[in-house]
Structure formats: C-alpha cells, structure tokens
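Keep the 3D view open and follow along.

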Amino acid sequence: MIHPHAARPAPATAEVVVVGAGPNGLMLGCELALAGISVVVLERRERPEEEPKANGLLGQVVRLLDHRGLYERLAGRPGPPAPMAGHFVFGALPLNLGLLDHSPVDALAVPQARIVAVLTERAVELGVEIRRGHALEDLRQDDDAVDLVVDGPDGRYGLRARFVVGADGGRSATRKRAGIGFPGVTYDRTTVRTAHATVPTEYVDATTGMLNVPGLEPIAPFLGLRTERGGFSYAPFPDHPPLISTTEWDQPASDEPMSLSELEASVRRVLGADLPLTAPDGDEPRVLRRLSGGNTRIAERFRDRRVLLVGDAAHVYGSTGGGPGLNLGLADAVNLGWKLAATLRGTAPPGLLDSYERERRPAAERMALSAQAQAALLAPGADVTGLRELFGELLADRGAVQRIAELIAGTDARYDVGDDDTGGPVGRLAPEMTLRTAPTTVRLAELTVAARPVLVDLTDARALADAIPEWQDEVNVVRAQPDGDAASVTGLLLRPDGYVAWASTSSDPTPAERTALREAVQRWIGPR
Ligand SMILES: Cc1cc2nc3c(=O)[nH]c(=O)nc-3n(C[C@H](O)[C@H](O)[C@H](O)COP(=O)(O)OP(=O)(O)OC[C@H]3O[C@@H](n4cnc5c(N)ncnc54)[C@H](O)[C@@H]3O)c2cc1C
C-alpha cells in the first residue's frame, strides 16, 4: 500500500531525499532503507504513471534484482534467472546467442508498471516514506545539507536533507536546479509509432508464432525488421495484445492524435504490404503513441557536492536504440545506495561516494554507444544496407556475438576495484554459485539480500575471517563448500552491491593474498 502524504506534518529534516518515485528512485529508497538510512521520496504525481513504458528488463540488472530477492517477486518463480540462449537482436540484425557457451543476456518480461508496483511495496515494507503529490520546486546547498522547496497538497514547505538524489527523469528538476548540464545528441529525424493492436488470427502461425503478412517472408516475433524505408516490430508479449511498432525517418510533423489507421499506413510504407490492425478489447491502459525525435544524453557529472543523480536524470537514450534506460538506472541505484549510506554514517573510506560516478559513467557511455550504433544500423538508405550486410557477416562469428551480447547485457563494464583485469570475477557481479552450508545449500545471490558485505570462504582451513578481525561485525562470513564440482574460486569478498572486490583460487591463500583481502576491505568498507 502506498502511504499518501499529508496525514502527518512533514518533518523538516531527512537524511536523504530522493526526488521521484519512478522505478529508479524507489529502488534507491529500498537500498538506503536496507542500509538503515531514513529516506523521504518525493513524487509529484498523486498516483503511479499508467502510460506503458518498458516491457521488461534485460541483462545484468535481472541478476542484480535476484541479489535483492526481487527476481522471485517479479518473475513469480525463484531464481536463478535463466539467460536467453536463442535468437536475439541488435539493430534489427539477428544475434544468435546459441553460439555462446554462457549467454550473459538474462531477461525478465515484466511491464514497468508492475516493476514500480513491486518496488513500491518493497519500499513501504522497508519503511521508506513516499510522499505522493509533492513536487520539488527548488534546492540550494551549503556545506552541511541541502534546503529544498517542495510544493505539496497543503502548499509549499521547506525540507532540509543531508543529501538529495534526483531520480526525477530525463527532464530532472534536481539536475537543472543543481546546475548540472545534460550534453548529448538530439535526433529529430525519427518518428516511432507504437500501439497494442490485434492482427488477423490467420496471419499468425500458431506453431512458430511467426507473422505471415501476404506477399512477405514470415516475420519473427520480437526480433524487429529493417527495410530500406524504416523499421517494423511485432512483439506478442504474454497477457497482452501484440505491440506493433514502426520507425520512419523524415516524416511530416503532425498535431493529430495518433490512431491505428496512422499506424497501418506507416506499416504499409515500411513493409510495402498491408497488415490490418484492430483495437484490442478491454479497458486496461493501451499503448497508442507517436514519438518524434529523441535524445541520447549523459549528465555532465552525476554529483554536485550533496546532490546526486540516478537513472534517466543522469542519462537518457534515443527510442530507436532499444530504450535500455531502466536496465541501467536500477543498477545505478544499487551502486549508489550503500555508498551514500556509509558516507552518512561516517564510516566510508575516502572517495567512496565519488566511485559512484567513476563506476557508473562508463556503463552509461557503453549504453549510449549501443543505442547510437543500433539507431545507425536501423536508418534507411542503401549505404546502411551495405553496412548491415557486413555487420551481419561479422555476427556469424562467435567472438563478435559474445561482445555484442555483453554490451547489451551491461556485463562488459567491469568496475575498477583496484585490481588488474585478469579475466576473473573481481570487478564483476558475483558469479552464479550454489554453496553447501550444512545442513542445506544456498545460492550465492541469496546471501546478499540484506545488502551487507559478504566474505565467502571455501578454503581448506575456512579461516579467511582471521585476516580481517576488525571487521567481524560488518562483514558476513559464510564458510561453505561448493555444491558439485570444485569451484573455480575458493574465496570471494562481495561488496554490498554484490560486486566482487577480492577473490582467491588457492585452497590455502598465501600471506600476500590475505593482505590483499585486508586492503580490499579497507578500500570498500573503510579502515577500522
Ligand atoms: C515508450 C518507452 C519505452 C521504454 N522501454 C524501455 C525498455 O524496454 N527497457 C528499458 O530499460 N527502458 C525503457 N524505457 C526507459 C524507461 O522507461 C526509463 O529509463 C525509466 O522510466 C527511468 O526511470 P526513472 O525512475 O529514472 O525515471 P522516471 O520513470 O521518469 O520517473 C521519474 C519520476 O519522477 C517524478 N518527478 C519528476 N519531476 C519531479 C519533481 N520535480 N518532483 C517530484 N517528482 C518528480 C515523475 O513524476 C516520475 O514519477 C522506455 C521508455 C519509454 C518512454
């Protein structure tokens, strides 16, 4: 249940104010509350947005949610998430994930509105105060705190917070009021039309799910199709009428409300064939949308002293590039929450909060690269057709598929945790592992739901904790055996966000390795 705002007088101070109860603000609220920080989330809307947006999550973020116990709530089944292993798509070119030994592309087909509902429920469980109908109007910061002017249902009021995080979307008032620029690229040539619509039953192959438009080759669901005139996609998500979408370039501007006949005409131009569309039954919110142009932008900086940015407030991506914003924003929130909490408690090692931008900006830049490359591959014209043919040849190569799959999944952005990249787990999200801890087994992801540091000890002596006695109250030590074959690691130090800060493969780690473990704890949890 959402706590509406004005039942009690608004307190004048808060440890953290998060502006925006979209998915990323709610996720950050949960992360801060897990770390024991009191959070107020301001949301200008009275009710959650109903406009359908993302249809699901893709890549590493799915495993991050699993590390917080949220995968099961969203998927309706326990983890681990199952990676996609079949055909996928990049810029409407087929990407055969079946070529890979281990696909990094996890997927969770859950609409954004449901993600927001689950995160709201979780935030309320954890004691986050969500004030709906309260909009940030202005902010000013000094050395100790940030003063906010908030417009609430009972009028304007002031709020003072130690830190403020803007999770208020692409037009972020927080970012603007903090004077942070938003450089990037605006595309004004594209028009994307999208609708939930029913297609004639006889056009859909009941066995394969392919769309058979008379006069054309069968069209695979979800994979997208590019012609010389534009892009088309047919996405029959479960429990919904299919989502039909076209992308065209250099269309005349229109003030008319979007209609199904406009989409039918667009499909005819793009495919060169007719696809009859009918409005679906039922009164739930349906997509019927025309989006002209788009932006790919990354904030000049993610932090200005006591003001930070997450999600769309920090970065946005053009709609032709696959809309990866939510995948990235939830990972921002998980990266920032524990760092901000440690800073507020005064236990953070020097520079911890600045590592948020150091780690997340490269991830945002990789996503911008992906979005722009996909937009370029979709564009009309014979030159692009040539580029696509060559790119398609490269995608027959397993190494190229691995690289693109990691780009889409966000697994190529390794964090620099102070260790050289030796191809091991350090700097990456904890590997999927099952551990034997008498009398039962546990998945590694289940050990991180409380968002605390974890030391996994699979060594012969199970005495790794002896190397870090000063931190015994802060680091959860799990002594276990790998379930099944010998594990490729014998020791792992996980940060609260589930990322590996130290690892060993020795059954009896050397004194140098133990010193490295101490240094990793000092670096991420702080000297004691
Ligand atoms: C059509 C469409 C399809 C998409 N598909 C995908 C997809 O498939 N995959 C994907 O990963 N992403 C997708 N995205 C992007 C994704 O929806 C966004 O990245 C995501 O919504 C960003 O979440 P957020 O919490 O950062 O911001 P938002 O969802 O924009 O939430 C910001 C919140 O802040 C509130 N707010 C704004 N200003 C103020 C203020 N001054 N005071 C208080 N509150 C304020 C707003 O009311 C809003 O609730 C899609 C987007 C669109 C539009």
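## Helix 1 and helix 7

Helix 1 and helix 7 are roughly parallel to each other, where "roughly parallel" means an angle under 35 degrees (over 145 is roughly antiparallel, 65 to 115 roughly perpendicular, and the rest oblique). This is a predicted model, so local features need pLDDT of at least 70 and side-chain atom pairs count only at pLDDT 80 or more, while totals for chains, interfaces and linings use all residues. Residues are numbered from 1 along each chain as its sequence is written, and side-chain values use heavy atoms, with hydrogens and water left out. Helices (H or I, at least four residues) and strands (E, at least two) are DSSP runs, numbered from the N terminus.

Back to our pair: helix 1 covers residues 23-34 and helix 7 covers residues 325-345, and their axes come within 8 Å and cross at roughly 30°. Axes here are lines fitted to C-alpha atoms, for helices over the stretch in contact, and angles run from 0 to 180 degrees between N-to-C directions. On the helix 1 side, the contact (heavy atoms within 4.5 Å) uses Pro23, Asn24, Met27, Leu28, Glu31 and Leu32. Helix 7 brings a list of residues that includes Leu326, Gly329, Ala333 and Leu340. Sorted by class, this contact of helix 1 with helix 7 has eleven nonpolar, three polar and one charged residues. For that sorting, Ala, Val, Leu, Ile, Met, Phe, Trp, Tyr, Cys and Pro are nonpolar, Asp, Glu, Lys and Arg are charged, and the others, Gly among them, are polar.

## Helix 1 and helix 4

Helix 1 also meets helix 4 (residues 112-125): their axes come within 9 Å and cross at roughly 25°. That makes helix 1 roughly parallel to helix 4, and this crossing is left-handed.

Which residues in helix 1 meet helix 4? They are Pro23, Leu26, Met27, Cys30 and Leu34, and they meet Gln112, Val116, Leu119, Thr120, Arg122 and Ala123 in helix 4. The class count for the contact of helix 1 with helix 4 is eight nonpolar, two polar and one charged.

## A strand covered on both faces

Now look at strand 2 (residues 39-43). Five of its five residues are buried, so strand 2 is largely enclosed by the rest of the structure. Buried means under 20% relative accessible area, exposed means over 50%, and partly exposed is in between (1.4 Å probe, protein chains only). On one side you'll find Val39, Val41 and Glu43, with Val40 and Leu42 on the other.

Strand 1 (residues 13-19) runs parallel to strand 2, and four bridges join the two. Two strands pair if DSSP finds at least two bridges between them.

Three strands make an open sheet in the order 20-19-23, with antiparallel pairing. Strand 20 (440-443) and strand 23 (481-482) are at the edges with a single partner strand each, so one side of each has no neighbour in the sheet. Strand 19 (residues 434-437) is joined to strand 20 by four bridges, and Thr437 sits opposite Thr440 in strand 20.

Another open sheet has four strands in the order 22-21-24-25, and its pairing is mixed. Its edges are strand 22 (476-479) and strand 25 (500-504), each with a single partner strand, so one side of each is left without a neighbour in the sheet. From one strand to the next, the twist averages 10°. Helix 11 (residues 511-525) packs on this sheet and touches strand 21, strand 24 (491-494) and strand 25, making about 170° with the direction of strand 25.

Most residues other than glycine have a negative phi, and most peptide bonds are trans. The bond from Gly79 to Pro80 is cis, with omega near 5°, and Pro80 lies in the loop between helix 3 (70-75) and strand 4 (87-90).

Arg305 isn't a glycine, yet it has a positive phi of about 50°. Arg305 is exposed, at 52% relative accessible area. Ala451 has a positive phi too, about 60°, but Ala451 counts as buried at 13% relative accessibility.

Note on methods. A crossing is left-handed if the near helix is turned anticlockwise from the far one by less than a right angle, and right-handed if clockwise.
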